[in-house]
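Student: Could we go through a structure together? I'd like to know where the words for it come from.

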Amino acid sequence: TLIFLAAPKDKATSSANRAPELELTFNWDPEAYSGGRNFGHLAYKVDNIYETCQRLMDKGVTINRPPRDGYMAFVKSPDDISIELLQEGEALAPQEPWASMPNTGSW
């Protein structure tokens, strides 16, 4: 089963090129995939990495690698796939509580 996705900023280009930005695949074979063995990780650019991480934390998501540098963070999906969050454009100036927040778990 395939699901094709495009972020709002990419929708027009994806539609014009008839090419998705992200293809999610569910394999119906009996092999069990675990721990992200099926691929490395996903990465998404966000408009404000601090606001995005705060919004995720407010919903109970653990920030495994906080955006101490104002540019990059990692979270994990419920099935243990790493998701990288990247600041769109230049890195934001470091700010608390992110600058001194330690890593949690693996990413």
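Predicted model: local features only at pLDDT ≥ 70, side-chain atom pairs only at ≥ 80, totals over all residues.

Tutor: Residues are numbered from 1 along each chain as its sequence is written, and side-chain values use heavy atoms, with hydrogens and water left out.

Student: How do you know that β3 pairs with β5?

Tutor: Strands are DSSP runs of E with at least two residues, helices are runs of H or I with at least four, and both are numbered from the N terminus. Two strands pair if DSSP finds at least two bridges between them. Six bridges join β3 to β5 (residues 82-87), so they count as a pair. The two run parallel, and L42 stands opposite I83 in β5.

Student: What makes β3 and β4 edge strands?

Tutor: The open sheet has the order β3-β5-β4, with mixed pairing. β3 (41-46) and β4 (72-76) each pair on one side only.

Student: Which strands does helix α2 lie across?

Tutor: α2 (residues 49-58) lies across β3, β4 and β5, at about 145° to β5. Axes are lines fitted to C-alpha atoms, for helices over the stretch in contact (heavy atoms within 4.5 Å), and angles run from 0 to 180 degrees between N-to-C directions.

Student: What are the two domains?

Tutor: The assignment gives domain 1 (1-28) and domain 2 (41-106); such bounds come from an automatic or database domain assignment.

Student: Where is the cis peptide bond?

Tutor: The cis bond joins E96 and P97, with omega about 5°. Most peptide bonds are trans.
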